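The sequence and structure come first.

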Amino acid sequence: MAGFRLIELAKPFLPLLPEVELPYEKIGFDDKVVYTIIAALIYVFGQFPLVGMAKAPVEEVSSPVLDPIYFLRGAFAAEPKTLLEFGIFPVVSSALVMQVLAGLKLVKVNFKVRQDRELFQSCTKLFSILQYFVLANVFIFSGYYGSDLTVFQIALLNVQLVLAGFFVTLLVEVIDKGYGFTSGSMAITAVTIATNFVGDVFGVNQLPVDSEGHTEAQGAVINLLQSMRSSHKSFLGGIVGAFNRDYLPNLTTTLLVVVLAAAVCLLNNFRVELAIRSTRTRGVNNVYPIRLLYIGGLSVLFSYVILFYIHIAAFVLVQLVAGNDPSSVIYKIVGGYASSNNLLYVPQFPLSLLTPPKSVWDCVTRQPLTPMTFTTFLVLTGAWFANLWQRISGSSARDISAQFKEQGITLTGHREQGISKELEKIVPVASTTGAAVLAVLVAVGELLGLKGKGASIILGVSCGFSLLELITVEYQQSGGQSALTQVLGVSGA
Amino acid sequence: MAKSGNQIEKLAEAPVEFVKDGSAFIQKCKKPNSKDFTKIVRAVGIGFLAVGVIGYAIKLVHIPIRYLIV
């Protein structure tokens, strides 16, 4: 492969791909806040149902194809059977995968050359759109949208899914290019997860739950209040039902999610403070914090990207190739799907090793090996990624010491040459340990049967923290002059 | 984590080393006291809920739209 560079592949597409232009002038603090929030809200608003699906597929077909990736949806802000079927997964995964490949020197990019940077960016974008296209067709031809679609329906579904994906890619790019607080996918994830959380807790929309036409509220708290005074249930039965219904969010999972969120808040504030002093002025002492969650929620996101790939690959093999037929060889090797409540596809044995169980009870009885394999998988991928990321993302020990030198700062009690070495002892340990701890937290949440809500709340809160940090720094740099904060009556964030 | 050395030996030692380094690091960490912690949780909670409520309001708008177009 000498002389060939992957990013060159993007060259012919360069004039075709629309690109968000860099802002001409510096975007102010208020504008950035508005851009970020509006972009994320546009995303939430984009969850339109798809046109062209076969009507009522459940009754026609005896074994309908159901959602195989339900537990991964939360993390990627994906809503089933809407335009955002795959959420921001292709955007996130292509960005992460390309960065990792570049970091491992598998893709040769010289980030100092402007043209290389542009090509790399376009390549990432192309990759993301390609993934939308491939995923859309995998789902269409597996029969997820109905078994006998006409050519017109297939084309329609393709156009919808790919165009929506293209739109999301550009939406993320708007924020990433400096109009909002980076990164775009983080902002979108945080807002969508917050939305889903509020929907699950306080959602007032009524959904049909049985064939008799009874409805229950989506929100766990609202449901509790309603079932206390509903006529077809006893008072006690209503309360018990509110805690353990499994078709809609219940209070138990809600409480677990809140506990997980609090745990992330706690972990996020674990840090080692290094004493630093200025080399220029005497007597100026300060501390430089190195956080335990050095790279935030990215490691979890990476683990989930890998999980997604594994599960999509399995879905292709089992559903497209073998037709989910228990007698085929593939079914026996990879594992198949069993439907649950006519809503979800639950993977069977070998595949179930990497699938969080539906409930604690399921975990003990059906998947006794899953806790070990799933946790190990998350910890290993997370820690590996964290170690790599801190080296390639411009916040490695060497980068920080270069930054220190530039600003005339040194660690107290170390010579200038020793800084890099001292940081080298701390930074990789911090990032890998943080990633491992976070992975364990995600695993615990998921193994308790949160069906992806555990991972998503952890991601949501840690993304929120990353954004908050950027916003605080930006706010202080802009001198605290912000019309927004004055309106909202916030004093000194 | 030495860069050189026997590969297999390193592989066997890595998890032990990792756990040891990690727990030492966590020991060294400065942890927030309960007062700080409640402050953080409250701030994050309010922010999260506020954004979530706005987002959910938008989602509610979707319900009549769904009826119209499906």
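Helices here are DSSP runs of H or I with at least four residues, and strands are runs of E with at least two, both numbered from the N terminus. On that basis, chain A has 19 helices and 7 strands. The model is predicted.

**Chain A overall**
- Of the 493 residues in chain A, 52% count as buried.
- The accessible surface of chain A is about 22,900 Å², and carbon and sulfur atoms account for 65% of that area.
- Among contacts in chain A with a separation of 6 or more, 68% are between residues 24 or more positions apart.

**Helices α10 and α17**
- Helix α10 of chain A spans residues 251-268 and packs against helix α17 of chain A, residues 418-447, at an angle of about 175°, with the two axes 11 Å apart.
- Because angles over 145 degrees count as roughly antiparallel, α10(A) is roughly antiparallel to α17(A).
- On the α10(A) side, the contact is made by A:L260, A:A263, A:V264 and A:L267.
- On the α17(A) side, A:V437, A:L438, A:L441 and A:G445 make the contact.
- By class, this contact between α10(A) and α17(A) has 7 nonpolar residues, 1 polar residue and no charged residues.

**Residue A:K108**
- A:K108 lies in the loop between α4 (89-103) and α5 (114-142) of chain A.
- The relative accessibility of A:K108 is 52%, so A:K108 counts as exposed, the cut-off being over 50%.
- A:K108 and A:R73 are 35 residues apart along the chain, and their C-alpha atoms are separated by 32 Å.

How values were computed:
Residues are numbered from 1 along each chain as its sequence is written. Chains are lettered from A and ligands numbered from 1 in the order in which they are written. This is a predicted model: local features need pLDDT of at least 70, side-chain atom pairs count only at pLDDT 80 or more; totals for chains, interfaces and linings use all residues. Side-chain values use heavy atoms; hydrogens and water are left out. Axes are lines fitted to C-alpha atoms, for helices over the stretch in contact, and angles run from 0 to 180 degrees between N-to-C directions. Angles under 35 degrees count as roughly parallel, over 145 as roughly antiparallel, 65 to 115 as roughly perpendicular and the rest as oblique. Contact means heavy atoms within 4.5 Å. Ala, Val, Leu, Ile, Met, Phe, Trp, Tyr, Cys and Pro count as nonpolar, Asp, Glu, Lys and Arg as charged, and the others, Gly among them, as polar. Buried means under 20% relative accessible area, exposed over 50%, partly exposed in between (1.4 Å probe, protein chains only). Accessible areas come from the Shrake-Rupley method with a 1.4 Å probe; for residues, only the protein chains shown count as cover.
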